[in-house]
Amino acid sequence: MEVEKTITEISYLWLIPFFPAIGAFISGAFGKRLQAKWGKAPIIAVSVTLPWISFVIALVAFIKLLGLDENSRTMVTHLWTWFDVAGAKAGMAFAMDPLSGMMTMIVTFVGSLIHIYSIGYMHDDESFWRFFSHLNMFLFAMLMLVLGDNILLMFVGWEGVGLCSYLLIGFWYTDVNNAKAGMKAFVVNRIGDFGFLVGFFILFWAVGGAWSHASQSGYTMSGHFTITFRELPAMMDAIAGKELWGIPVLTLVGIFFFIGATGKSAQIPLYVWLPDAMAGPTPVSALIHAATMVTAGVYMVARFNFLYIHSPTAMTIIAVVGVATAFFAATIGVFQYDIKKVLAYSTVSQLGYMFVGVGVGAYWAGSYHLLTHAFFKACLFLGAGSVIMAMHHEQDMRKMGGLGKVMPITKWTYLIACITIAGFPIASGFYSKDEILWQAFNSDYLLVPGWSIWLVGFIAAALTSFYMFRSYYMTFTGTTVKVHGHEPQEQKPVITIVLATLAMFAVLTMVLGIPQWLTGANPVLEHFLAPVFEAAENLPKVFTGEAAHHIEPWMALASIAVATLGWIVARWLYKDRKNPLPLKLKERFSGIHKLIYNKYYVDEAYHATAVRGFLFTGRAASWFDRVIVDGMVNFTGRIGQGLCVIDGLIDKYIVDGAVNLLAGIVHFFGDQLRKVQTGKLPSYLAGFALGLTILIVISQFLFDVYA
Amino acid sequence: MDYETTSQLLTWITFVPLMGTGLIAVVLLLKPVVKFSKGFLDNFSRAIAIIGAGIPLALCVALWSQFDSSNTGLQMVHHLVWIQAFNIEYFVGVDGLSVTMVALTGIVSFIATIASMPWGIAKDDDHHFSRRSVPGYMALLLLLESAMFGVFVAQDFFLFYVFWELMLLPMYFLIGIWGGPRREYAAIKFFLYTLAGSVLMLLAMIAMYFTSSPTTLIDGTKAAHTFNFVKLAADPAIRDMGLLWGMDLAKMVWIGLFIGFAIKIPMFPFHTWLPDAHVEAPTPISVILAGVLLKMGTYGILRVNFMILPDQTVWARYGIAVFGVINIVYAAFVCMAQKDLKKLIAYSSVSHMGFVLLGMAAFTPQGISGAVYQMWSHGIISPALFLIAGVIYDRAHHREINGFGGLAKIMPEYTALMGLSFMASLGLPGLNGFIAEALCFLGAFPVFTTLTVIAASGVIITAAYYLWTIQRMFLGPVNEKYKNLNDVNWRERLTLYPLIAGMLFLGFYPMPVLNMMNNTLHTLVKPLANAIGL
């Protein structure tokens with residue numbers, strides 16, 4: 001049944017990304033001087049206030065969106081035509097539908113909160129202004145990504161967040177390792193972006209790859225050509241049959257876009273940059289490398305849901321890569337000692353879950369996990385940041401312990417977030433993760449059986465619970481450590497308020513996703529997002545109706561059971577740090593420990609193959625250019641010189657006598673002429689003018705003769 | 001139909017700089033009579049240079065506003081008989097392709113002139129190019145500007161050729177006299193290499209001339225042959241020149257022209273003169289070289305090969321595309337191994353000019369518009385890059401990428417300008433380079449699927465070499481040796497900020513430039529696209 005949809009034009013969506021952009025400009029261009037003159041106050045006034053203004057506008061727009069008819073929740077602001085070349089047209093336009101509305105709310109709200117937190121975290125940094133400028137710029141780019149009306153505008157944000165990520169990872173750039181981590185992030189992301197671009201070319205080619213010369217002034221695209229998200233779904237059936245290189249176009253497009261997502265959202269094989277990205281300040285890790293930017297890949301796949309449902313192959317790849325990443329990263333997380341590294345691998349793992357969700361066609365579940373993860377992971381990272389500050393920038397959990405007694409708010413918020421991510425039904429994380437696992441189990445559309453994906457994700461869930469509680473017990477329980485002879489202190493309210501708010505939302509967002517078997521109604525968020533994902537409504541399932549209702553609660557119970565198991569084992573091994581077993585196990589299985597602790601040596605393998613191969617190709621090309629290509633040029637020059645020498649020898653020895661005389665004459669005139677060669681430009685110019693005049697006179701004369 | 005004179009604007013744009021050259025020459029000739037001081041002569045010629053580059057820039061604004069972009073033919077035509085005996089006309093005019101290039105020339109030349117001023121150069125730095133033989137330098141700079149304008153406005157092949165050759169002379173001296181340590185090698189290499197290309201072009205031109213059908217000149221006299229671009233393009237005799245030594249003459253002419261232009265682009269394997277020329281040339285000359293001169297190669301291909309020999313262009317399109325892709329990927333890899341900042345930027349120019357070749361070879365509207373927009377966009381970005389290399393060279397007197405470190409701490413404003421320009425060059429969306437690259441790719445993909453994918457992998461290599469350069473020069477611990485370097489001064493700001501503003505503006509709103517060129521270009525590729533069944 002075709003539902004009548006209308007689009008609402010509104011005028012102010014552009015203000016949402018605009019205000020952070022202004023903040024970035026002011027703090028970036030004048031921040032240094034402002035800070036030198038008036039301290040941090042003007043920077044805060046500009047760069048922290050503007051994101052909040054942006055949040056308020058987003059909220060107003062979002063409320064307006066909610067007020068619209070359920071099936072017509074799309075609002076558009078068109079500013080100007082970005083470019084238009086014979087039908088290849090992209091508008092500078094922003095659009096808010098339920099999905100981008102949800103994203104906008106997450107980005108502006110969590111983003112603005114983290115700005116507040118950063119006031120405390122970056123308090124003593126001399127480049128305070130630069131930090132806030134970059135952070136504002138990040139918000140701008142992220143909002144472009146989310147609100148952009150077409151694929152290319154999304155790509156502006158896509159690369160923009162990558163740039164900001166690069167700048168902020170290398171924020172403390174005088175340490176060359178931080179600079180290198182930033183570079184790694186950008187270059188690895190560029191590999192993904194290459195995939196994104198190729199996917200885009202193929203899609204462009206598929207929807208409008210032929211031109212007709214309809215008008216005098218040039219071309220029009222044959223067919224209805226568009227790169228706007230709103231208009232693309234209608235084109236899918238028409239291009240579903242097309243093939244390129246013998247592969248269906250939509251599969252190809254889906255895979256290439258997913259390559260882009262593996263870069264941005266740190267999935268196998270391009271996840272390697274994210275753990276290194278922890279070199280950046282902790283608020284950056286929370287905002288960019290946990291809550292928002294890294295979820296862009298999930299957002300994109302959800303955005304292209306109408307495309308992916310045409311390709312079970314691409315969906316299978318996404319789900320398998322997602323679940324493999326979820327498991328793989330979780331195993332690494334178990335063995336890390338750096339608290340931020342634990343959270344980094346946890347993020348990679350949780351992103352894997354999100355991809356399982358969008359991969360099996362449960363787009364709303366993936367999006368919901370994106371939302372809950374934004375709160376609980378931001379809370380965890382900021383809690384870790386609070387700990388790191390208290391520990392004077394010590395990140396090794398082995399040197400921590402007992403912080404719970406001196407930092408109660410940090411402890412409690414961290415614990416709540418742990419409960420959320422581990423999957424206990426008193427907080428949101430359970431509902432989102434469980435929905436993903438259930439939907440994977442129940443999926444009958446992929447090329448692999450749904451239960452196989454579920455099983456791996458299920459085991460990874462146990463690991464998640466274990467490593468999170470491990471980090472909690474190692475950090476907060478036991479005897480309180482002393483740093484420089486003092487006990488660590490709880491942070492100022494500017495930090496703790498943010499922690500508390502995030503923890504509160506981590507719990508409260510559970511109301512959005514309470515499943516049908518508990519309430520009898522579809523989850524709120526599923527209902528809200530349904531118009532965006534309508535194409536995916538009728539994907540085949542293993543169990544439907546009553547059968548599903550009977551199985552689902554048991555699956556949920558099983559999830560709670562493994563989460564509890566992970567928690568109990570972590571508590572037994574690490575509570576109060578008294579149990580000697582972990583150390584013994586580590587010695588007993590030192591080989592495995594070393595392998596996993598060193599992240600399976602993937603970085604080293606990449607370095608030995610891809611990076612070195614790359615640099616070698618560069619050197620080889622340069623050698624070829626210098627020695628072969630340029631060598632040929634110089635060789636040709638030499639031949640020319642050689643011919644002259646031979647010519648000279650002939651001159652000297654063969655036509656000697658006769659030429660000697662001539663040479664003498666030439667020599668004489670040469671000597672005379674050399675006097676003209678004064679090396680002074682005026683006389684050259686005079687000579688030039690004189691010569692020109694003579695030539696003109698001569699030619700005039702000749703032309704008169706022949707004309 | 002023949003184009004009647006409608007305006008003398010282009011003649012003024014072209015010859016105002018040359019008048020400046022003349023004025024400087026006159027004053028120099030008077031020097032033995034009137035005892036001018038060196039200081040007066042230097043400052044006088046500097047002032048003339050700024051005026052001589054400023055007036056054409058102002059006239060370019062007028063040209064831009066008067067140009068009717070819906071008209072695909074020539075506009076602002078000035079058309080006279082020049083040398084009647086050989087049917088040579090003085091015929092200048094602009095279409096959508098030329099007008100953008102003329103404007104670019106005006107902008108880049110003016111910025112290069114500002115960059116030639118000694119403002120902000122340490123007083124004791126007598127060896128700086130801006131203090132050596134100033135009047136000669138300024139005279140040659142203006143002569144070069146005239147020649148460049150001439151190439152882009154000439155619509156008579158002979159006139160085009162005269163301007164093309166005229167350009168070599170000042171360039172040779174500007175590199176050879178005011179350049180770096182190996183300036184003589186670089187200047188001779190540049191001169192001979194380009195001259196070799198010119199010989200091919202000359203032969204092709206003569207072949208075309210003698211093949212062309214009888215016509216009339218603008219004053220009504222009968223002519224057996226013609227150099228007129230418009231008439232050559234409409235002449236069926238040119239498309240089928242018959243055989244020479246058993247080979248298709250038209251194809252030989254096409255190849256000869258193509259190689260002549262390819263040397264200028266420069267296209268692999270004819271590119272090795274460029275890194276040498278750039279490394280030795282003084283900063284403003286590098287700016288002009290990268291910003292304008294390279295575009296003459298691709299401009300020539302479009303103006304002569306595409307417009308006059310369309311059938312042969314269709315025949316050769318795979319060759320153009322393949323060489324374009326080689327340029328993009330090969331030069332990007334070469335960049336990875338460079339140790340001299342200027343050499344790196346020079347190779348990056350080679351890489352970025354490859355996009356132009358790839359885009360134009362596709363004959364799609366996006367491809368051709370992307371190609372010419374890339375010429376524009378590279379004409380804005382590469383001058384900024386060379387100015388940036390010049391800033392550090394003026395201060396540290398070397399450009400070894402590994403010889404710095406932590407410059408971001410010492411020169412924050414410089415770092416920001418550098419970062420923005422590098423990002424524009426690596427095609428960051430939101431800056432102008434991206435629009436050009438994206439259009440080239442979009443246009444090329446439907447025609448050269450696999451080649452385009454290979455070319456697109458260049459975005460990874462480009463990011464790698466630029467970021468690696470940033471990391472080595474600007475990040476990491478501060479190099480104590482350079483901790484007292486000054487940040488950018490007002491002269492450098494005056495040259496860099498307009499370019500940076502252009503990159504941002506044209507990244508978010510490229511339509512003003514695209515609108516100027518679209519109609520002309522799409523009419524140009526229409527028959528070509530028809531021929532390959534697009």
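Colleague: Why is the pairing of B:Arg395 and B:Glu492 called a salt bridge?

Modeller: In this predicted model, the side chains of B:Arg395 and B:Glu492 come to 2.9 Å, N to O. The cut-off is 4 Å between a side-chain nitrogen of Lys or Arg and a carboxyl oxygen of Asp or Glu, so the pair qualifies.

Colleague: What makes this a link between distant parts of the chain?

Modeller: B:Arg395 is in helix H14 of chain B and B:Glu492 in helix H20 (residues 490-508) of chain B, 97 residues apart.

Colleague: How do you know whether B:Arg395 is buried or exposed?

Modeller: Its relative accessible area is 18%. Buried means under 20%, so B:Arg395 counts as buried.

Colleague: And B:Glu492, buried or exposed?

Modeller: B:Glu492 has 4% relative accessibility, and therefore it is buried under that cut-off of 20%.

Colleague: What makes B:Asp340 and B:Arg399 a salt bridge?

Modeller: Their side chains meet at 3.1 Å, N to O. That is within 4 Å, so the pair is a salt bridge.

Colleague: Which parts does the pair of B:Asp340 and B:Arg399 tie together?

Modeller: B:Asp340 lies in the loop between helix H12 (310-336) and helix H13 (341-361) of chain B, while B:Arg399 lies in the loop between helix H14 (365-396) and helix H15 (407-410) of chain B, so the pair joins parts 59 residues apart in sequence.

Colleague: Why is B:Asp340 called buried, and why B:Arg399?

Modeller: B:Asp340 has 16% relative accessibility and B:Arg399 has a relative accessible area of 11%. Buried means under 20%, so B:Asp340 is buried, and so is B:Arg399.

Colleague: What makes it a pair between chains?

Modeller: B:Lys189 belongs to helix H6 (residues 183-211) of chain B, and A:Asp630 to helix H27 (residues 602-654) of chain A. Both B:Lys189 and A:Asp630 are buried.

Colleague: Which residues are in a network of salt bridges with B:Lys189?

Modeller: A:Asp630, B:Arg182 and B:Asp276 are linked with B:Lys189 in that network. Over all chains, the count of salt bridges is 18.

Colleague: Why is B:Ser421 called buried?

Modeller: B:Ser421 is in helix H16 (residues 412-425) of chain B. Its relative accessibility is 0%, under the 20% cut-off, so B:Ser421 counts as buried. Beyond its neighbours within four places in sequence, B:Ser421 has contacts including B:Ile381, B:Leu385 and B:Met503.

Key
Residues are numbered from 1 along each chain as its sequence is written. Chains are lettered from A and ligands numbered from 1 in the order in which they are written. This is a predicted model: local features need pLDDT of at least 70, side-chain atom pairs count only at pLDDT 80 or more; totals for chains, interfaces and linings use all residues. Side-chain values use heavy atoms; hydrogens and water are left out. Helices (H or I, at least four residues) and strands (E, at least two) are DSSP runs, numbered from the N terminus. Buried means under 20% relative accessible area, exposed over 50%, partly exposed in between (1.4 Å probe, protein chains only). Contact means heavy atoms within 4.5 Å.
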